[in-house]
Structure formats: structure tokens, C-alpha cells
There are 2 protein chains.
Amino acid sequence: MFTFFPTARVRPSPFLEAAMAEGLVAANVYNRMVMPTSYGDPEGEYWRLINGVSQWDVGVERQVQLRGPDAGRLAQILAPRDLSTCKVGQGKYVPLCNHKGTIINDPILLKLADDLFWLSIADSDIWFWAGAIAAERGLDVEVSDPDVHPMALQGPKAEDVVAHVLGDWVRGLKYFWFRETEVQGIPVAIQRSGWSKQGGFEIYLKDSRRGTELWNIFKEAGQPWGIGPGAPATPERVESGLVSVGGDTDDETNPFEVRLGKYVNLDVPDDTVGIQALRRIHAEGVKRHQLGLVMDGAAPMPFGTRAEDILHNGEKVGKMTNSTWSPRMKANIGFALISVSVTAGASVQVMRPGGPVAARLVELPFL
Amino acid sequence: MFTFFPTARVRPSPFLEAAMAEGLVAANVYNRMVMPTSYGDPEGEYWRLINGVSQWDVGVERQVQLRGPDAGRLAQILAPRDLSTCKVGQGKYVPLCNHKGTIINDPILLKLADDLFWLSIADSDIWFWAGAIAAERGLDVEVSDPDVHPMALQGPKAEDVVAHVLGDWVRGLKYFWFRETEVQGIPVAIQRSGWSKQGGFEIYLKDSRRGTELWNIFKEAGQPWGIGPGAPATPERVESGLVSVGGDTDDETNPFEVRLGKYVNLDVPDDTVGIQALRRIHAEGVKRHQLGLVMDGAAPMPFGTRAEDILHNGEKVGKMTNSTWSPRMKANIGFALISVSVTAGASVQVMRPGGPVAARLVELPFL
């Protein structure tokens, strides 16, 4: 739609050169970095993720590194989820909330050592927030943005490719667990994770000078499985019910509203940021919840570029926070953030830019 | 270079529709919003800013609103600049620093009332940081992102256009002072400010439904002065020595290194965030400073997309944080963040992607 140029303010990832060599044509900005979004064949890229193995430059998934004697204490202060049993080598999905209980990011927390953690974040400046809380509480911990850059292999054949490069031990990695190792001398951490529900791994490069080299090792290794470039795919993540914090949430969204309550432990220590608010919200019950929308019509519609109002019996009851064409459902689908008075099965109208569209509400995920 | 699509995560501003009607072709992302950057004629847009009047969608300049009994106290806690004499209707440029004295943003602070302030920010999530500090200190203040969206008129003829619409009283506004008023019933605040050194005003729209209407009022009014669309122009801001926080600064840059020491008051209260560190840094003296680079060669070079090393007598002494062709200087210029052992007048080499380029160091601003 617009032309977009990288600038010194919007950094490239160490994989961008490799991504451009693959024919990258579309990108967006995420955590002030260039985020590849398409290589020119969105439908082919989608089916490669669903049926094969797709290689992603997700260097925009930055790490907020906590290092020092109080690193573990800070991690627990920031995350309203019980980390007391988290082991070195384990990762956990943690919704981060502000003091009001509003979700502001949803990283994977990786425990690398008792005094070293990474928060592998979505799109917001968690460094400043975490650093302010650490300093205000007088903790002995350094908050930084280390030289660490994820690349992902996603899809049902990703495991075969990664095992081919690193050995069959990777097949034994549990979800979100990781191991630090080397790939032909390149330092990495490898984790079973990734922003899709098609399975796969994220490979955290720990030396930004070697991005192209690492990319090409996996590219070559993946040839027998038909590997090709791709990116987090909106149709797949919406079908799979994955939340995009900042896109599907607003300035007042709490984790319980967007199906993330199961990642909140209300019995974490009282000094956890936001926990008092989360306990209160939980006790009072939420006013909104998140459902899926299946819209009428069998042809792809323009995707949404902003929240669109949802009407039920002529009254505004919520908003559609994303929309996409689902190649597997052959329907236009989206997420509703909507009053709890309206439930799955109800018929609603979405006030789209081209006019109202009828839709029915369903439980998430779609697939 | 890449195609870029707005998404629900990357919001449009209320002026984007008007900007697209003007023929917008290039954009970037700033504060998770679409930031228009060019209408297809960068050189014409530059000269319009230098010689005439240029109309900018700068809705990406978000407001961090502080409201409540402790709003003034929080403002002073966040800003290492004396605000004790700041009056209602006055604005002040304030470098914001973290607890280590590292600059993390450089907003204009607007005092709208004793209990109401806006920080009109550059590109980073100051809401989370400010909100965390307010909550950790138990202050009675609400931190929010209000329905406020700046549009700018910049250039030597901007004042005539704004006076034509709003009256000759605007000619009496001092730099960074503002007034809340209406334009044909549209609520706005109007301030003498803007991200150029060519003079002009920022008009803060306080009702997002009326962006196109406000745009067109000034567009029509500006016809006799040859108004046209534009955007913050890298060549002009570099010539003028304006710092881009996040582009020209890194994770360790303090205000004294980048010529912002004059906006820091070391005698602000001891509970100001970062002031202990800033006093220590000031007492010890900085290790780096910011200078201009004038490169050899009379033809425009590709602009920089990342920091480039600077060598002096074969040793790395710093980095070039931006570069651009200057139409007025007819030279490639840039900013150096460089060891204080190297001063204006020295000859250096910039390690550009296409090979080393000779340059000489000069004081900033260039013009």
C-alpha cells in the first residue's frame, strides 16, 4: 500500500539480508525493527506453513534480558504467573500487566540460569517499564537488550529439518523448553515454540554477525522437505486463536477477557505488579470476552485496518479487532472483543467500511 | 523498498485519509501508527518546507496525558528539567531519562492546567514507564493516551496561513506556548512548535472524527501561499541539527552527549528519575559527543540504514548515526556520535556499505 524504507531508527535484523535474497517484498515495523511479512505469494506461504516447513526472520522478537542476583525476583514481580517451579532450560508464556491489570505484552519467559532470564517480547518497550520497576524497588539486576535474534522454523516438517541439523535430541524438547548449543560453531539457543499452531522451533542467534550464515544452514538442510521463506501468517494465527497484544487488545484489556486467564496465578506474591487489580477483576467478573466471528459471504474481503463496531439487535456490543480470509474455512473470519451478554451462537452485524456484514459468533480457536 | 500495509496493530491517524487523498506514497511506523513520509516528490517537498508552507500528518506524535492531583508532581519526577515556573499555556522541551541517565524520549511537555499535562512524545512507550513510576510511588494521577492528534504546518509561510484561519493573535505565541481554541467548531490546541527549524505550528486535534475536515480547512486556507503536503524531512532536520531519539541515540546515550545538556537542570528535586546518575555523569564529564560530518563527493549517496563506524587514524572512534544528501549544502552530511578525543576540524573515514568515505567533522547545526 505504501512504500517503506528502513532507517537508522528502524533497525534491520541480522537475517534481513538473507530475507531480501529470498525475494522479500512486504514488511512492517515491530519493536522498531523491520519485520518481513511476505515474499510475494501469501497463499503459497500459508500452505507451506500448514503442510510443510516455513523459515521466518522473526528478529523483531526482542529479548528483555534480566541479569543479576535479583533477576529471578524481578521476573516474578513482573509476571502474574507462578515461576517458583520454573527450571533452567524451561520457558513459560507470561501475560505482563500494568498496575491496573491491563495486558501490555505477552512474552515467552526463558530461564537461562538462576540469575539470567529473557523475556522474548511482543511489540512494546518493556525494557523501560521493567527497568523502572527494578530501579524503583532497588533491585540488583541489569535490564538490557542483548545481541540475541530469533529465527523460526514452523510447520509440520520443521522438526525433521531441525533434527537433521542438530540431532534427534531436539525431538525430545517439550513445548517452550530450550537448550543453548552451537550450529556449526554459531552460538544459539533452540526452543520448541513459535507464533503459529503448526509446530516448530525458534532458534535464538547469539551473534548478530552470523545471521546470513545461520539462515543458509537451515535453508540448505531444509531442501529435501521443501523449505521456503515465510512470516507469521495472519490467516493461520487467527484460525488458531492466537492473540496479538496491541492489535486484539486495547488500553483497558485484562488477560481474562482475551482467554489468557489460564496463564495468571492469583496466588503469586502480593508485590507482583498488577496482581491486586487482577484479583479484583477476577472476583468481580469480566464485562467483555473474546469470541470468533464467521462472516457471511464466500469471497475474500479487504482485511481490517482498525477495530470495527459490532451490533447486536441494533445495539453496539463490542468490536472486531482483526479480520482475514481463512483459506481452510473458506470464509472471512475475525476476533470479537464483545460484551459477555452476547455469546457464541448469536448473530451480529459487523460495521465494515464497505457496509454492514452479517456474522455469527463462535468459540475460539476456529481450528 | 518494501510494501507496507496498515494493520489493526499499526493504527492510522485521523489525517491518514486526507493524506492519502493528497497522493501519499511512502510511510513508516512510529509509535505503532502509520507515519506519512513522502508524497512522491521528496525534493519538491523539501523546498516547500524551506521556502513556503508544508502540511504534515504527525498524528504519530502521541500524547502521554497526566491528569489528577499529582499530575504536576509526576511531571517533575519524570523530567530532569525545572518545571517550577512553567505556566498554564506553556510548553517545554524535556529530555526524559531512565534511572541510569540514558535518554529514552524527548517530548514537548504542555501544561494545560495545574492537574493536566501532555507529553507529546517521540517514538517509545512512555505510557508504561510513566505509569509504572506513578504507581510505584503511589501517586494520585491517571496516565493515558487521549483522543489528541497533531497536524503540523511548517515553513516560513506557515504563520500567515494559521493567522488567516485563527486570527492575528497566533503571531504573538511564543515558542512552545499554546492555546486551546476551536477551528470552525473543531476543538484544538495550537502551539508554536514542530519538528523542523523552519518555523510553524502544531495543531492538536481533540476529536478524531474530524481529521479530514481540519486538514481541508488549512489546505484551503493555504492555497494563496502555495501550501502542499509534506512530512518531517530528514535533510532539513539533519541540516538543522535536530536529534532523533532512538536513531541518533543508543542504549547508553545521555543528554550531555547529544547537545541536550542545556535542557537538564541538575538542581531539580532529588526524587527526579535519573537525576543522581545525570549529576554523576556531568561531574565526571562525557566520553562521547555529537558532531556533524561532511563527506567528500558531490553526488547523493544512499542514505544510512544503520550506524556506520567512524575511523580516525585507523582507529574506531565512534559511529555515524544518520546520513542524508543536503540540497542546500550540496554535500552528503550526517551526525557523528564520537569520542571527545576527536573534535571539529578533524578528518575521519566513514565505513560505508559501499566502502570507506573521507569526511571532516564540524560543529552542529550545519545550517
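**Figure 1. Helix H3 on the strands of chain A in the predicted model.**

**Figure 2. The five-stranded open sheet of chain A.** The strands follow the order E6-E9-E10-E5-E11, and their pairing is antiparallel. Strand E6 (91-93) and strand E11 (142-144) of chain A are the edge strands, each pairing on one side only. From one strand to the next, the twist averages 20°. Strands of a sheet pair through backbone hydrogen bonds, in either a parallel or an antiparallel manner.

**Figure 3. Pairing of E6(A) with E9(A).** Strand E9 of chain A spans residues 108-113 and pairs with E6(A) in the antiparallel sense over three bridges. Within this pairing, Lys92(A) stands opposite Leu109(A) of E9(A).

**Figure 4. Chain A as a whole.** The secondary structure of chain A comprises eight helices and 22 strands. Its C-alpha atoms fill a box of roughly 60 × 50 × 40 Å along the principal axes. The radius of gyration of chain A is 21 Å, which agrees with the value near 21 Å that a compact globule of 367 residues would have. Of these 367 residues, 54% count as buried. Among contacts in chain A with a separation of 6 or more, 66% join residues 24 or more positions apart.

**Figure 5. Contact between chain B and chain A.** In the predicted model, 43 residues of chain B are in contact with 44 residues of chain A. Strand E1 (2-4), strand E2 (26-30), helix H4 (126-136) and strand E19 (315-326) of chain B each supply at least two residues of the side that touches chain A. H4(B) gives the most to this side, with seven residues. The residues of this side of chain B divide into 20 nonpolar, 14 polar and nine charged.

**Figure 6. Relation of the two copies and the pairing of their E1 strands.** Strand E1 of chain A, residues 2-4, pairs with E1(B) in the antiparallel sense over three bridges. Phe4(A) stands opposite Phe2(B) in E1(B).

Terms used:
Residues are numbered from 1 along each chain as its sequence is written. Chains are lettered from A and ligands numbered from 1 in the order in which they are written. This is a predicted model: local features need pLDDT of at least 70, side-chain atom pairs count only at pLDDT 80 or more; totals for chains, interfaces and linings use all residues. Helices (H or I, at least four residues) and strands (E, at least two) are DSSP runs, numbered from the N terminus. The radius of gyration is taken over C-alpha atoms; the globule rule is 2.2 Å times the number of residues to the power 0.38. A residue is buried if 20 or more other C-beta atoms lie within 10 Å of its own, exposed if 12 or fewer, and partly exposed in between; C-beta atoms are placed from the backbone. Two residues are in contact if their C-beta atoms, placed from the backbone, lie within 7 Å. Two strands pair if DSSP finds at least two bridges between them. Axes are lines fitted to C-alpha atoms, for helices over the stretch in contact, and angles run from 0 to 180 degrees between N-to-C directions. Copies are superposed by least squares on the C-alpha atoms of residues with pLDDT of at least 70 in both. Ala, Val, Leu, Ile, Met, Phe, Trp, Tyr, Cys and Pro count as nonpolar, Asp, Glu, Lys and Arg as charged, and the others, Gly among them, as polar.
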